[in-house]
Amino acid sequence: MADLTEDQLAQIKAVLQQRYLELREEIRDELERSGNEHYADLAGSVADPGDDSVADMLVDVDAALVDRQVREIREVEAALKRLADLDFGDCVDCGGEIGFERLMAYPTARRCVRCQN
């Protein structure tokens with residue numbers, strides 16, 4: 001594990017846990033909202049091909065947003081597991097340390113700045 005202090009690890013863990021809670025709330029809200037917006041409501045009561053296209057696009061955007069949020073929540077869960085397993089903060093490519101500043105900005109980072117570039 002990278003040479004991070006207990007305080008630094010606690011700060012990173014708090015950031016990860018907060019982001020996890022935020023993502024869960026965002027996903028719940030998005031699914032609840034999309035459940036209330038029926039396709040027919042989005043397309044309108046008049047059968048217009050343009051309205052159908054807009055409704056299809058909105059449904060696709062909602063699905064893509066939830067998909068992105070689910071991917072991010074998985075990354076957060078993986079980072080929390082690495083933290084618990086004491087396998088956190090080391091670059092998966094070069095084995096070097098991922099800096100604390102980078103981990104605070106992007107706590108799910110798996111690569112150091114040099115390898116990420």
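**Entry 1: the D85 pair**

I began with D85, which forms a salt bridge with K81, the closest N and O atoms being 2.6 Å apart. For my notes, a salt bridge is a side-chain nitrogen of Lys or Arg within 4 Å of a carboxyl oxygen of Asp or Glu. I was looking at a predicted model, where local features need pLDDT of at least 70, side-chain atom pairs count only at pLDDT 80 or more, and totals for chains, interfaces and linings use all residues. Residues are numbered from 1 along each chain as its sequence is written, and side-chain values use heavy atoms, with hydrogens and water left out.

How accessible are the two partners, D85 and K81? I found D85 partly exposed at 47% relative accessibility, while K81 counts as exposed at 53%. My cut-offs were these: buried is under 20% relative accessible area, exposed is over 50%, and partly exposed lies in between (1.4 Å probe, protein chains only).

**Entry 2: the wider tally**

How many salt bridges does this rule give? I got a count of 10 salt bridges. Salt bridges that share partners join R19, E22, E26, R68 and E72 into one network. A friendly reminder to myself: side chains of opposite charge can pair when their charged atoms come close.

**Entry 3: E72 and R68**

I went next to E72, a member of that network. E72 sits in helix α3, which covers residues 49-84. (Helices are DSSP runs of H or I with at least four residues, strands are runs of E with at least two, and both are numbered from the N terminus.)

Is E72 buried or exposed? E72 is buried, as its relative accessible area is 19%. Leaving aside residues up to four places away in sequence, I saw E72 touch R19 and L23; contact here means heavy atoms within 4.5 Å.

Which residue did I find in a salt bridge with E72? R68 is such a partner, with the closest N and O atoms 3.0 Å apart. R68 and E72 are about one helical turn from each other, because they lie 4 residues apart in helix α3. R68 is partly exposed, with a relative accessible area of 34%, whereas E72 is buried.

**Entry 4: R28 and E32**

Last, I turned to helix α1, residues 6-36. There I looked up R28 and E32, whose side chains meet in a salt bridge at 3.3 Å, N to O. These two residues are 4 apart in the helix, so about one helical turn separates them. I noted R28 as partly exposed at 40% relative accessible area, and E32 as partly exposed at 48%.
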